[in-house]
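Here are some notes to read alongside the model. Keep the viewer open and find each residue as you go.

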Amino acid sequence: MKIRPFGVEQWMNEWENHCKYNLAETCVESLTMQQLLDMSGKTREVLDEMLSIKMTYGHIKGSERLRQLISGQYSSQSVENILIAHGAIGANALIYETLVEPGDTVISVLPTYQQHYSIPASYGADVKILPLRKENNFLPDLAELKSLIDHKTKLIAINNPNNPTGALIDEALLNEIVEVARSAGAWLLCDEVYRGTNQDGENYTVAMADLYEKGISTASMSKTYSLAGLRLGWIAGPAALLKEVEIHRDYNTISVGVLDDYFASLALENRDKILARNRKMLRDNLETLDAWVRNEPLVSYIKPLAGTTALLKYDLPVSSRDFCIRLLERYGVMFTPGEAMDMEGYVRIGFANNSEVMKQGLTLVSRFIRELSEESR
């Protein structure tokens, strides 16, 4: 099986340990284990329990405790509708491995996480791209989606909230997308790894698994919950589908680590505290980013409604990769080039980490933009 190199991951592997100001990070600033224990309010009890855990394979599907906690994030999903995976990346990969066969049509939005079009293409699917355009606030165009449907359409993949734009599809539009999928008898996969990061309100965006009988939601502990080190994600969807997924999962996962399962459960039992911390960080940092964009005449964007990233359009005669490499080499500031996401002419910024690092980094980006502008005159 041949597959395209994963642009974003290749970029991160190459550069993220060689920058001073990392403005490419997509996880809300990671928690330390001490912070998580402090939030639980029972450090001694947790440590005693942890020391008694036997390092077996653990619960193959995920513990009852964890799956019950996850099912509580949905309005109509029970424990039987939840299957644990190695991160959302593992959850998405399992869905494609289970459902997609050569000759199937798969429709994916773009931009999105590259898994959603490169994996099905590697399986021999006919992948059709539904472009998300700036003039439409990076939301799917229903007429264009309908035009891509054919008699072989097996699956439609969307991403809500969207990575990298921060666009948020509301429930009304999600229901319209569901009707398009239903008319084709297609599965509808929604990567919801940034669910819970809305800029306004306190509630989660409605989940695809709760809207459609063939709806699938994937998510993880990495982004919204600041615990990427756990490498734990999940699939929420029809129980019959999860039984099929388990067949494939037996070959490449077996189970997640028992400590990952344990600490994910602990985090979700204290999710209100984690979400309160993270929403404040995201909202404060987006205010900083928004003020910066408004003062940079050569930079524009659609202000994110959710998520941890924004897609910045720059008006300079340089490729996104050259822009990012020169910025790194000159000032140590790291963005992700649009080229890595098949979105040339843009760069992606993560605004979910240390606020002072972001402020200092953006000051240097402004200096760099002025230098590039002068060079191009």
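1. **Glu25 and a backbone nitrogen.** Let's begin with Glu25, whose side chain reaches the backbone nitrogen of Cys27 at 2.9 Å. That is a polar contact, meaning a pair of N or O atoms within 3.5 Å; within protein, one must be able to donate a hydrogen and the other to accept it, and residues adjacent in sequence count only if both atoms are side-chain atoms. Before going on, please note that this is a predicted model, in which local features need pLDDT of at least 70, side-chain atom pairs count only at pLDDT 80 or more, and totals for chains, interfaces and linings use all residues. Residues are numbered from 1 along each chain as its sequence is written, and side-chain values use heavy atoms, with hydrogens and water left out.

2. **Where Glu25 sits.** You will find Glu25 in the loop between strand S1 (21-22) and helix H2 (33-40). Helices (H or I, at least four residues) and strands (E, at least two) are DSSP runs, numbered from the N terminus. Is Glu25 buried, exposed or partly exposed? Its relative accessible area is 21%, so Glu25 is partly exposed; buried means under 20%, exposed over 50%, and partly exposed in between (1.4 Å probe, protein chains only). Leaving out residues up to four places away in sequence, Glu25 touches Gly350 and Asn353, where contact means heavy atoms within 4.5 Å. The C-alpha atoms of Glu25 and Arg348 are separated by 9.6 Å, although these residues are 323 apart along the chain.

3. **The nonpolar cores.** In soluble globular proteins, nonpolar side chains tend to be buried together. A nonpolar core here is a set of buried Ala, Val, Leu, Ile, Met, Phe, Trp, Tyr and Cys residues joined through side-chain atoms within 4.5 Å. The largest one has 69 residues, and Leu289, Leu312, Phe323 and Phe335 touch the most other members. Helix H13 (residues 355-375) gives the most to this core, with seven residues. Another core, of 30 residues, lies apart from it and includes Leu36, Tyr74, Ala236 and Val256.

4. **Phe335 up close.** Beyond its neighbours within four places in sequence, its contacts include Trp11, Leu23, Ala24, Val347, Ile349 and Val365. Leu312 and Phe323 are also among the contacts of Phe335.

5. **A covered helix.** How many of the eight residues of helix H6 (residues 115-122) are buried? Seven of them are, so that H6 is mostly covered; the buried ones include His116, Tyr117 and Ile119. Their cover includes helix H5 (87-99) together with strands S3 (105-110), S4 (126-131), S5 (153-159) and S6 (187-191). Just after H6, Gly124 takes a positive phi of about 90°.

6. **Ser255 and Tyr57.** Ser255 belongs to the loop between helix H9 (239-252) and helix H10 (258-269). With a relative accessible area of 9%, Ser255 is buried, and its side chain reaches the backbone oxygen of Tyr57 at 2.6 Å. Tyr57 lies in the loop between helix H3 (43-51) and helix H4 (64-71) and, at 56%, is exposed.

7. **Salt bridges.** Side chains of opposite charge can pair when their charged atoms come close. A salt bridge is a side-chain nitrogen of Lys or Arg within 4 Å of a carboxyl oxygen of Asp or Glu, and by this rule the count comes to 18. One of them joins Asp104 and Lys154, whose closest N and O atoms are 2.9 Å apart. Asp104 lies in the loop between H5 and S3 and Lys154 in strand S5, so this pair ties together parts that are 50 residues apart in sequence. Asp104 is buried at 11%, whereas Lys154 is partly exposed at 22%.

8. **A pair within one helix.** Arg182 and Glu179 also meet in a salt bridge, at 2.4 Å from N to O. These two are three residues apart in helix H8 (residues 171-184), so about one helical turn separates them. Arg182 is partly exposed, at 32%, and Glu179 is partly exposed, at 44%. Finally, look for Glu14, Arg321 and Glu339, which are linked in a network of salt bridges.
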